[in-house]
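Open the model in your viewer and keep the selection tool ready.

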Amino acid sequence: MRILLVGGNGTIGRKVAAALAGRHELIIAGRNSGDVRVDIGSQDSIAALFNEVGVIDACICTAGTGFYGAFATMTAEQMRPGLDGKLMGQVNLVLIGKGFVREGGSFTLTSGIASELPARNGTAVAMINGAVNSFVLGAAQELGQDRRINAVSPGLVEDSFERYGANFPGYDLVPMAKVVNAYRLSVEGAITGKIVKVY
Ligand SMILES: NC(=O)c1ccc[n+]([C@@H]2O[C@H](COP(=O)([O-])OP(=O)(O)OC[C@H]3O[C@@H](n4cnc5c(N)ncnc54)[C@H](OP(=O)(O)O)[C@@H]3O)[C@@H](O)[C@H]2O)c1
């Protein structure tokens, strides 16, 4: 398969890339790294990405993040980058990219455990992850039989423990191999309209 992996140099993305690289043609996209550059917060940038990459069999997104901070002082402005990036960035990858994904192809987006079990200070991220999941449920119906779409919803992954562990007390660490398998299930399997929870 010809697979576009947006965020393929991130913590999760690089492990997904390593697992897929041997058996597929992989194109890594990132904001500051990768084979091609994209800012998923910009529709123009996403359109340019697909025009550059052309027809693909699968689009995976492991890019984006959201605001973590005190709810008492959180503002709409603080939430905006996550809404524009992780949420609308992934939505626009589908809306713009569906014309470039072959029949029988797939989209795999990334949400996260916060949709169900938000960490303290994680309300904005919880909302974004929930919205990504709901978008996938609706889009799967609209894409019909021709193209599949799923979300992988990871828990706190083991490779992120040093970076985020202190902010997620009580969360089990998810082995990277399990997270990678969830992306493989979505891309190489036959499921659609699923939220693949890995926690
Ligand atoms: N890590 C976890 O434990 C965990 C748990 C649950 C959910 N998640 C979700 O999983 C996804 C990946 O997490 P991660 O920990 O792997 O993140 P990460 O290490 O921060 O990597 C994110 C990647 O996305 C790219 N990126 C960020 N913003 C972008 C943008 N606007 N346009 C294009 N590329 C962009 C970055 O590229 P550049 O470096 O080139 O900018 C980077 O390669 C995120 O949605 C995160 O919320 C992660």
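Which polar backbone atom is 3.1 Å from an oxygen atom of the ligand? Select Gly 64: the backbone atom belongs to this residue. Such a polar contact is a pair of N or O atoms within 3.5 Å. The protein buries 85% of the 900 Å² that the ligand exposes when taken alone (Shrake-Rupley areas, 1.4 Å probe).

This is a predicted model, with pLDDT of at least 70 needed for local features and 80 or more for side-chain atom pairs, while totals for chains, interfaces and linings use all residues. Numbering runs from 1 along each chain as its sequence is written, and side-chain values use heavy atoms, without hydrogens and water.

Next, pick Asp 39. An N or O atom of its side chain is 3.0 Å from a ligand nitrogen. At Arg 31, a polar backbone atom is 3.3 Å from a ligand oxygen.

Now show the 25 residues around the ligand (a heavy atom within 4 Å). Thr 11, Ile 12, Asn 32, Lys 86 and Ser 160 come nearest.

Move on to Arg 2 and Glu 25. They form a salt bridge, with the closest N and O atoms 3.1 Å apart (Lys or Arg side-chain nitrogen within 4 Å of an Asp or Glu carboxyl oxygen). The count by this rule is seven salt bridges.

Conventions
A polar contact is a pair of N or O atoms within 3.5 Å; within protein, one must be able to donate a hydrogen and the other to accept it, and residues adjacent in sequence count only if both atoms are side-chain atoms.
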